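I opened this model to look up its strands, its helices and its surface charge. My entries follow in the order I made them.

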Amino acid sequence: MDEPASELTADGEERGDRPDFDALTPPDEVVRGDRTRDDFLDAVLGLDSPATASEVADLAGRGADAAREYLQWFDRMGIVTRVTDSPATYERNQAYLNWRRVQTLRDEYTTDELLDFLETEVDRAEALAETFGVDSPDAVSISERATEDGRSVESVWQDLAAWRTARRRITLLERAVTRDEGNETDQRTPV
């Protein structure tokens, strides 16, 4: 695995800090610019299901013609994918967003640091799996568990959310430390 250039790695002080996974959303840095573009980017990043240009235009507070142009551009960049042709609908490309997060992790941390972070997240996920006695947070009924343990529903929900977050981080960190040179996704570059 090639190490990132020295100017792309964290210095000694920065290495002590854990990654802020919530801040790893570089697609907006790639395409941010004028207000119109930002409005459309915010709209498509918030999509939970396929949307037409008119729906995206409404979310962005802009016109449908401009939405069509930006959606086509975002499609070429990989930020959205076209789902249907008539009417044309688009959805957020979560795979692209994850790829950008993995690239940012690779750029900002050494392999040893990523392995340390991975070990921490694996320990956290295993501890939560042991606490709940199942392999997945999806196998837990929040209300039943709260009743069984005499805990609040919110407390159980928070633990399950932390478990899901740890599992998501494990996936990203594993991709960051495992560079598959033949992986088409890793070789993709933004337009």
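This is a predicted model: local features need pLDDT of at least 70, side-chain atom pairs count only at pLDDT 80 or more; totals for chains, interfaces and linings use all residues.

Entry two. I then looked up the strands around that pair. Strand β3 covers residues 88-92 and is joined to β2 by five bridges. The two strands run antiparallel.

Entry three. Next I asked in which order the strands lie in the sheet. I found an open sheet of three strands, ordered β1-β3-β2, and the pairing is antiparallel. The edges are formed by β1 (51-52) and β2 (80-85), each of which pairs on one side only. As a reminder to myself, strands of a sheet pair through backbone hydrogen bonds.

I went through the whole chain. The protein has ten helices and three strands. Read from the N terminus, the order of elements is α-α-α-β-α-α-β-β-α-α-α-α-α. I also noted burial: 37% of the 191 residues count as buried.

I turned to surface charge. A patch of negative charge on the surface gathers D112, D116, E119, D123, E126 and E130.

Is E130 buried or exposed? Its relative accessible area is 68%. The cut-off for exposed is over 50%, so E130 counts as exposed.

Note on methods. Residues are numbered from 1 along each chain as its sequence is written. Side-chain values use heavy atoms; hydrogens and water are left out. Patches are made of residues with over 30% relative accessible area and no salt bridge: like charges are joined within 9 Å, nonpolar side chains (Val, Leu, Ile, Met, Phe, Trp, Tyr) within 5 Å. Accessible areas come from the Shrake-Rupley method with a 1.4 Å probe; for residues, only the protein chains shown count as cover. A salt bridge is a side-chain nitrogen of Lys or Arg within 4 Å of a carboxyl oxygen of Asp or Glu. Lys and Arg count as positive and Asp and Glu as negative; His and the chain ends are not counted. The place of a charge is taken as NZ of Lys, CZ of Arg, CG of Asp or CD of Glu. Buried means under 20% relative accessible area, exposed over 50%, partly exposed in between (1.4 Å probe, protein chains only). Two strands pair if DSSP finds at least two bridges between them. Helices (H or I, at least four residues) and strands (E, at least two) are DSSP runs, numbered from the N terminus.
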